[in-house]
Amino acid sequence: MNKNIKFHGNLKINDMIIHWLPTNYCNYNCSYCIAHAPIVNKNISFTDLSILKNCADKIFSINKDKYTFVFSGGEPTIYPYFIDLAEYLSKNKNTHIYLFSNGHKNKDYFSKLFSINNFNFNFSVHLEYANISHIKELIKLANTYNKYIMVSLMMNPDKKEKYELFFDELLEYRKYYYFGIDLAIIHNNEKIDKIYNKDEINWFNNSILKLKNVEEMFKYTSDIPDFFQDINTRYIFEDDKIIYLPHRVSIIENMKNFENYFCVQGINSMSINHNGDYKGSECSISPLIGNIYYDDIDYLKLIKPIKCSINDCNCRINNYSPKFKYQKECYNFTQINTPKIIPSFYLYNEVCNLKNQLNDLNNKMNKIIDSIVWFIPVKKLRDNFRNKFKTAEQSRAEQSRAEQ
Ligand code: SF4
Ligand code: SF4
């Protein structure tokens, strides 16, 4: 099926998604943690809030209408100024914030976050630590703020009975409160971990159907936040048919292989790690661009297309990167859209740099010509040679000197 896909990703060029890790530390120590998050301790120091605010301002310099910030980690809420950062972001531009957290903080903490405009919460339920009454308490609280939260239940095979029980309880709860349920599958090296047997995959598929039924019967009347709906995940096929697949389903159906596709990662997505290193998407081959905490953004490097060389593009953030089967289409897309998102001051500086480089080159050429010309013994031939090769600029300068 993959062979017939000619495009995957988000074509809305005025959207930007930023995956940001304010810290890589975590207060949990889950056995399957792919982030290998070190456990928080009292000796660690955190990046100053002023540096993170400054980083946000740099991101806002990219010409976009909408900025979606997705925070994960580590555990983002152990960054001590997380609420201040979220408040700062929400007061700027058209900003949407998604927090992916293990939900360990108390109701007061979440009340402050739920009061922030366009704040959304994905509660990642890790069964080695989670307790169902706290989950229900936060769902109820979110509903009082009219917030739709996503409860992402980790299918930890070591806790099979517990995830089945939690799923049933959440499904029942969904009849009375509005929230999303997501079943998260453990990955290993960007593939579904082989620890799942056929029964467990069947249970996953049946549970998705059960969930769909409940959602159908108890419809949510307000808007569900974009990032929870996967509405940006568009597939276009060779016959121009367009479909949108939920993220988890596209993984299960093996629809995330874009090896040899041309990927404009960075044109509407960006990933920033805990020390400010940034790149265009959240995959292992996305090249590191620089450090956004301490340097200016290198816009052109950020949006330079790359040829994909891996066969699993599983992170949800990567859904935003436009991926083209045909290089020409990728080239056209990039040519048309690059000037739209790059700030004018950056383009101006780039033009000035090019002009300076051109002047340097001209000066070097003229020096070479001057040194060669003295090997021509006849003055007239020498002048002819010089006039042919000297740059127009220098000829003009010489002419104006002669006229004086
Ligand atoms: S909560 Fe998330 S980041 Fe923390 S240890 Fe568990 S999986 Fe890793
Ligand atoms: S894995 Fe990376 S380079 Fe490949 S398609 Fe996905 S985002 Fe693009």
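Me: Which strands does helix α5 lie across?

Reply: This is a predicted model. Helix α5 (residues 160–173) lies across β5, β6 (149–154) and β7. It runs at about 160 degrees to β6.

Me: In what order do the strands of the open sheet come?

Reply: Start with the general idea. Strands of a sheet pair through backbone hydrogen bonds, either parallel or antiparallel. Here nine strands form an open sheet, in the order β7-β6-β5-β4-β3-β2-β13-β14-β15, with mixed pairing. The edges are β7 (179–184) and β15 (288–291). Each has a single partner strand, so one side of each is left without a neighbour in the sheet. On average, neighbouring strands are turned by 20 degrees against each other, direction ignored.

Me: How do β13 and β14 run, and how many bridges join them?

Reply: β13 (residues 269–272) and β14 (residues 277–279) run antiparallel, joined by two bridges. Find Ile272: its bridge partner in β14 is Tyr278.

Me: Now a helix. Which residues of α3 are buried?

Reply: General idea again. An α-helix has 3.6 residues a turn, so residues three or four places apart point the same way. In α3 (residues 107–114), the buried residues are Phe110, Leu113 and Phe114. Seen down the axis of α3, they fall within an arc of 95 degrees, so they line one face of the helix. Their cover includes α2 (82–90), β4 (95–101), β5 (119–125) and α4 (132–144).

Me: Which residues come nearest to ligand 2?

Reply: Of the 15 residues around ligand 2, the nearest are Phe258, Cys263, Cys283, Cys308 and Cys313. That shell divides into nine nonpolar, five polar and one charged.

Me: What about the residues around ligand 1?

Reply: Among them are Cys26, Cys30, Cys33, Glu75 and His126. This shell has six nonpolar, five polar and one charged.

Notes:
Residues numbered from 1 in each chain as written. Chains lettered and ligands numbered in written order. Predicted model: local features only at pLDDT ≥ 70, side-chain atom pairs only at ≥ 80, totals over all residues. Near = placed C-beta within 6 Å. Nonpolar A, V, L, I, M, F, W, Y, C, P; charged D, E, K, R; others polar. Buried ≥ 20, exposed ≤ 12 C-beta atoms within 10 Å, placed from the backbone. Helix = DSSP H or I, 4+ residues; strand = E, 2+ residues; numbered from the N terminus. Arc of directions from axis to C-beta. Contact = placed C-beta atoms within 7 Å. Pairing = 2+ DSSP bridges. Axes fitted to C-alpha atoms, helices over the stretch in contact; angles between N-to-C directions.
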